[in-house]
Structure formats: C-alpha cells, structure tokens
Amino acid sequence: MDIKKLSAVRTETCSNPMASSRTPWKVDQMRERIVRHLERMLAREPQSAHIRDWWLADSYTIRDRILERLIATQKAQHSAKCRRVYYMSMEYLMGRLLRDNLNNCGLFDLNREALQQLGISYEEMENVEPDMGLGNGGLGRLAACFLDSLATHNYPAVGYGVHYEFGMFRQEFQDGRQIEMADNWLVYGNPWQIQRAENVQEVRVYGSVENCPDGRGNLKPKWVGGYIIRGVPWDIPIVGYGAETVNFLRLWEARAACELNLDDFNRGNFIGAADAKVIVETISKVLYPNDATEDGKMLRLIQQYFLVSCSLRDIIRRHFNSGAGWAEFPDKVCMHLNDTHPTMAIVELMRILLDEEDMDWDGAWKIVTDCFAYTNHTLMPEALEKWSVELVEKILPRHMQLIYEINRRFLDEAKKHFKNDVEAIRSISLIEEGPVRYVRMGNLAVVGSFSVNGVAQMHSELVKTNLFKNFYALTPKKFTNKTNGVTPRRWINSANPRLASLINGTIGYDWITDLDELRKLEPYANDLDFRSNFARVKLQNKIALANYIKKRCAIAVDPKSLFDVQVKRIHEYKRQHLKLLHILTHYRRLLQKPNLIAAPRTFIFGGKAAPGYTMAKNIIHAINVVAEKINGDSRIADRIKVIFMPNYDVSSAMLIVPAADLSEQISTAGMEASGTGNMKLALNGALTVGTLDGANVEMLEEVGQNNIFIFGHRVEQLSQMQNGGYNPRSFYEGDGELRAVIDAMLSGEFDGRSSFNPVRHIAENLLNGGDRYFLLADYRSYVDTQDIISNYFDNPELWNSMAIINVARMGKFSSDRSIAEYAKDIWNLRPLRQG
C-alpha cells in the first residue's frame, strides 16, 4: 500500500442525500448567500476577507436555514401543548458545530462546492472554528450527545447550562508540566448563539430570612437583602438529523443588576464604580473554578445556584405562557439533573412554591418530587458533592432552612422502616454530622427525585448495593439503569467520513439514525475486499493524525505502528500511571533485548487535570518527562513513541478516535460509572483493552470475549483485597520485572532535567500507601495482556476482522437508544413529528 497516496487530509463526504426533506438550495444560491453575509454582516469584500470571515459568513448562511426550522419546531411544540424534558447540566462539551450542522441539514456537499467556487477550502476554513468552551469531560460530552439524539428523534426538549466566557482552561505544557491558560473561545464571536434579552431572569444570593406578616395574621419566612444577579440567556440551536426538529440549548450569562455606579464614577472612582460588574460576571467566567480555597467553593455554589434559579424561572415562565397552571405542571414538565451539580433546583422550586406561590408543604413537595429525575455519574462517595452548612447558610439562607425541614420530614418517615438502625439513618440524612457539618447533595437529589438512574448495568447495581443502598431499601422502584451512549452523527458521520462512506456504500444510510443497522456489517468481517478497504480507511486516518502530531508536537510517528490511545480526564482511578508502568516495562525490555519481536507502538495520551488536583498534574508531568527520554533514545530505533497531545478537546478527539488501534479503558474495577470514550473508539474500529468496569462489561457482552482484551481483578476481588489489608509492596517484591521498573523510577533516571521528580514521586506514592487504585495488583495481568495484543496486531487480517466485528456490534451504545429508554421509562415523553 502506497502511504504517499493516502496522506491527503480528510476530504471524503458522508452526506446522505436523503438527510433533509426541506426545500433544497442550489449551489449558486448558497454561494450568493455566503457572499451576502460576508458583505452585509461582516462588512468585508471577498478579495480582502480573512479565512475566519469566510467561516463566520458560511456559519451565518447555514444558520438561516436552521433558524427557519427552529421557529417551526417551537411553534409546533407550543401548539401541541406537549410535555417537555428540561435537561440541566453544568457542562456541554459541544466541540465545533459547522460540520455537524451541515451534515444534519443535508447541505455538506452543496456547501463545499459553493465554497470551492469562491476559492475557499472547506477543510482550511473548518479549522478556524474554536471548540465551544462549555464542557470538559465525559459528563459534558454525554449531555451534547443527548441533545443531538433528542432533536434527531423529535423529542420536545430544552437544555440548560451556563454561558462560560472562558470555558475550563486551555492546556499547555511548560517543561512537561500542565499550565492552565484562559480559553477565550468567544474572542471572535459565536455565529450560532442568539441572545434572548427579553427573557432575562433575576437571582438573589446572600441576604437573610425575616419573618414577615402575610396579611392573614401569620408570620411567614421571607428572604430579603443580599445581591441580585441578572441571568441573560443565549440560545444555541440543536439540529436533529434531517433538520425536522431543531431544539435549543439555553445558556445563562451572569451580569450585575447595576453594571456601573454612576455616583462613584462621577466622583472619580472609575474602578470602584464597576466593582459589582466585575464580581458578578465572575460567576459565568470559568467552568469548574478551582474549589481548593473557600472563595473557590463559594463561587462554585453560586454558579450552580445561578444555573438552576435562572432555568427554573424560565421553565415556569414558559409553562404559564402556554395557559397552564401549577396543577398541570408535573404533566407538562420533567426536569432532569445531570449529576449532582444542579441539585439545588429541588430546594429552589420548593422555595418558589412555598414563599412565592403560598402553597402548603405537602402540595408543594408533591409537585417537586413529581418533576425531578436524577442521573448519578460517580461511585466514589468523596466525589459526590457536599457543601458546608455554614457556606449554604451564608449564600442561600432560606434554602438551608428548607433543607433542614426536608431532612426532618424524610428521616421521620425513614425511621418507620429502619427503626433503631442508627447507622442507616445517618447514611441517608441530608446532613453529614461532624466537626464541620455538610449538606450532601447526592442524598438530596435522591430524596427529591422520582427517578434515580445509573449509567451502566454494573454501575447501577453498585449504586443500589453500595452507594445508595439504604435509599434503595426504602424506595427500590425509584432506581433504574440507563446505559450511556454516543451519537453516531458526530462520532462516525462527522468524525470519520471515510468510514462513514465505506459503511454507506456497503449497507446504506439507515445506521445514521438506527445504529443497530451496523449488524449488517458483521458478515463483511470475513470479506477480503471489505477488510482491505477497512484497513485502508484506518491507515488514512492514522496518516492524518500523524501529520497533525508532527505539526502540533514536532514528533514524527509511524502510521503503521500500533496507535495505543488513552484519552480522557486525568484522574488516579483512570490509571494513566498504570499505562506509564507498561510503557516503562516495554522500554526496558527493548533495551535489554534489542532483537525482541514486538509490534512498534505509538502511545498517545490526551486529557486535562483539574487545576487543584496535584497528583493528576504530577501524572501528566511524569508522562511528559518519560516521553522526552524515550522519544530521544536512538537505541530503540523509533520502536516506541510517546505523545501527550496538549489541550485535548472534541476537535482533537475527532482526529484521534478514528485513528486509534487500541482503546485503553483501564480504570480500577468498580470506579468508572460508564465511560463513553470506550464506545466512541470501538465504534471507529479500535479494539478495547480494559477492566470489568463501567460499560466495558456490556461491551464484552456485545462484542464477545474473543474481540476484546479484559484483564485485572474484579470488583469483588478488590473488595476482599481491601478488607484483608491491601499491601502493594507484596506485589512489588513478588514480581521481578515490576520491581525493576519501580526501582528505575525511584532512581531518578527518568526525571531528567525536572527538579520536581514526578516519576520518582509516583513510584514512592505507589509503594508507600498511595496505591488506592490497585495499580500494582493489576500490573502483571495488564502487561501480559499487552503482550497478547502485540501478537494479535502482528496478524492484520485477524485484527481487522475483530475491529469490524466491534463496529458491527456497537448498536447498543447509541445515545439514540439511551434517549428512547429515558423517554419511555423515566420522562414519559413522546416524539412530536412535524408535517
């Protein structure tokens, strides 16, 4: 196979000519509209326009078509007085929108041709679009996939989030260490968003609670004083495939109620005159501000309350504008909490009903608990949010009163079941007692919701038996499972157009909205021509990624090597440092046995560490210093390359995922809720090496044990090991190869110029009580499995056959299936087709 002929950038189209049934545009109309937007919106003439101007003009042109459908969708939903789901999430990892919107509108080919006639390369222009800075990891990407599936399958839905000005952060490396830079993704504007200034909401924080006369001779609590924050909504249209339904994502931007104190300004206090503006707008500046400080915790809590208060007021406004009242509210409104971040919505709705609508407690609580559903995304108790009582009392004094009362009433009922079981009662209380008292947001979400679901079968069982076992004993019917999924529109149709074209030419287009159709590919796993074409697609994708790595990281990698990929948020339980142990083991073997037969590997990492998570940042640093040493070692003749891709985001994932050969899903068993990276990678033909954790368990069931590489201890084995007193040193002392690798790490030879000694620090941590995630216990099984993987990769016909079977059997892991289950089993939501 001639690699030079395959080195062109991605140019194939995957547009389905049947994607849109709407009145089609012609090329000359598209071209004229683009130029019109360039001239009339951007005041540019074609001869002097920058490539970014063309991107904006092109996006505005496509937005015209989208807004027509958005208006038609909202009109149809309003006329039908239909039930809607309102999805609340602190993050939405949207990535870029132009390619997805073109594909979903069926305009991709037309748009490319129009641009070509104007002398513009679509590929060059596309790369100008910044990723939206609205999310960070799997939680946000899942939310984005769900919005896509809701619109594609015509479900009435609105997403609610925060309009972050700077996203989380832009990751750069300095001497191998992560440096956080502001991600100014809005610097050139965003052509997709529409401001809805007429729907501004006001939010109160701080203040106090006073007992005021209610006009009927009674005293009633009233929240007074404090500060008022204005929430300005921005809408992002969400285009379903075929553009029949266009829903929207509403994002709230924080602004001061008084942006300029004119008296201060006129007295010459120019900076102080804008203090309120600066302070308030901090709320929507950054996603997940570092909460290592008290000020950081305060900002996070205000940020979460700002989201839910604005959203609730907007939902209520929309509901009453339809002519309905509170009696119909639970029939028309379902609010979904994507993890614990929006949980204060439960208390806020209760406050509105009691304090503003003057309802009695039982009537108000019935409405609240009929309207909220909650998805749990973590099995680690320490990862469930909790806020100090003191902090909540300070920022949300009335809410703290209500939390106490909700807790009192709930525990009174629970005691009828648990009787004298003090520990059970303590575990379900909304208040964690101790020297510092905390509000447990996970417990509050369970108590205030009619449905609680996990995101993979294994995760949901552990939620019932471990995390919330006493809640499950009280209300078992409340708990359910909804395994996560990913959207094939983004993760094949847009991300991997070469593979999409191959599939389209083999089984047709139906898989784009019904992923079970991929089963029709299974017989082709034994077809020589199809396997050859599949391998060609993979190699083309690897060459494109290799070119990007060369440009971005200044490192040349061999596209024919095994691309071994671990891309995800950096966390100890995800065990990027277990991958590091394997790399060092493989490196040591090659040095000791230069003639060792083993498939050449390119190890590719990507992911960010939270700014306050020191150990995760140390793992990044360690990988980078090891990469510097290995990549510069001529003795191994390029048989290993180690790459850490900076600033991993959706756009870089759309290059990495289609090019991956091996998908590393190696979290400690029982720690990962589900994972969706595993699904994206397998859907694009990567084979999985993983533990029996999260959705890996269901992937094993779907693809079969002969098409996945499973290693490591199971949950029950780790539990026994933990209860028996886990001693990582026993594994170190009992495995000569592991001991040699750890000793090399302790020697400092891999730390090189770094004065921080990150590699040595990891080794010391693992040996001296820091191996909380059982790396040393799983090391031997992992390394031996990697040897098997190398042997399989050396048999390309077998490898490609296994990869095709993985693609063919990924139908279950579509977000379309997930959303259909949520709609049927939890939301009681029906699609609304438009004529």
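The accessible surface of the protein chain amounts to about 32,200 Å², and carbon and sulfur atoms account for 49% of that surface. These values are computed on a predicted model, in which 62% of the 835 residues of the protein chain are buried.

As to the overall fold, the secondary structure of the protein chain consists of 33 helices and 23 strands. Its radius of gyration of 27 Å is close to the 28 Å given by the globule rule for 835 residues, so the protein chain is as compact as a globular protein of that length. Along the principal axes, the C-alpha atoms occupy a box of roughly 90 × 75 × 60 Å. Of the contacts between residues at least 6 apart in sequence, 76% join residues that are at least 24 apart. The protein chain carries 101 positive and 102 negative charges, whose mean positions lie 2 Å apart.

| Aromatic pair | Centre to centre | Angle between planes | Arrangement |
|---|---|---|---|
| Y524 and F530 | 5.3 Å | 45 degrees | tilted |
| Y587 and F750 | 6.2 Å | 65 degrees | edge-to-face |

Y587 belongs to helix α22 (residues 576-592), while F750 sits in the loop between α29 (736-747) and α30 (758-767), so this pair ties together parts that are 163 residues apart in sequence. Y587 is buried, with a relative accessible area of 2%, and F750 is likewise buried, at 6%. Finally, one aromatic cluster is formed by Y87, F146, Y822 and W827.

Technical notes:
Residues numbered from 1 in each chain as written. Predicted model: local features only at pLDDT ≥ 70, side-chain atom pairs only at ≥ 80, totals over all residues. Heavy atoms only, no water. Helix = DSSP H or I, 4+ residues; strand = E, 2+ residues; numbered from the N terminus. Rg over C-alpha atoms; globule rule 2.2 N^0.38 Å. Buried < 20%, exposed > 50% of the residue type's maximum accessible area, 1.4 Å probe, protein only. Contact = heavy atoms within 4.5 Å. Areas by Shrake-Rupley, 256 points an atom, 1.4 Å probe, with all protein chains shown as cover. Lys, Arg positive; Asp, Glu negative; His and termini not counted. Charge placed at Lys NZ, Arg CZ, Asp CG, Glu CD. Phe/Tyr/Trp six-rings, centres within 6.5 Å; stacked < 30°, edge-to-face > 60°.
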